Amino acid sequence: MRPSAERFARQLDEAGVPHETHLLEGEAHGSLDRPTTSGGQEALDRMTEWLVRPRPW
């Protein structure tokens, strides 16, 4: 998953599409399937922060 996600992020950069890329060090794919773990909670916290952030548009 990670290589394809990094490739997708590069493609977004090249196309000028605003985005954010976050890597949870030490976490395996599917951490959102385990929301009670520290990695799952960190992913949910980052998503929540992004969702409530004011947008420029």
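**View 1. Surface and overall dimensions of the predicted chain.** The chain exposes about 4,900 Å², and carbon and sulfur atoms supply 58% of that area (Shrake-Rupley method, 1.4 Å probe; for residues, only the protein chains shown count as cover). The model is predicted: local features need pLDDT of at least 70, side-chain atom pairs count only at pLDDT 80 or more, and totals for chains, interfaces and linings use all residues. Residues are numbered from 1 along each chain as its sequence is written, and side-chain values use heavy atoms, with hydrogens and water left out. Along its principal axes, the C-alpha trace spans about 35 × 30 × 15 Å.

**View 2. Helix 2 and residue W50.** The chain contains 2 helices and 0 strands (DSSP runs, H or I of at least four residues and E of at least two, numbered from the N terminus). W50 belongs to helix 2, residues 38-52. Because its relative accessibility is 40%, W50 counts as partly exposed (buried is under 20% relative accessible area, exposed over 50%, partly exposed in between, with a 1.4 Å probe and protein chains only). Of the 57 residues in the chain, 14% count as buried.

**View 3. The charged end of R55 over the ring of W50.** The charged end of R55 sits over the W50 ring, 4.1 Å from the ring centre (NZ of Lys or CZ of Arg within 6 Å of the ring centre and within 35 degrees of the ring normal).
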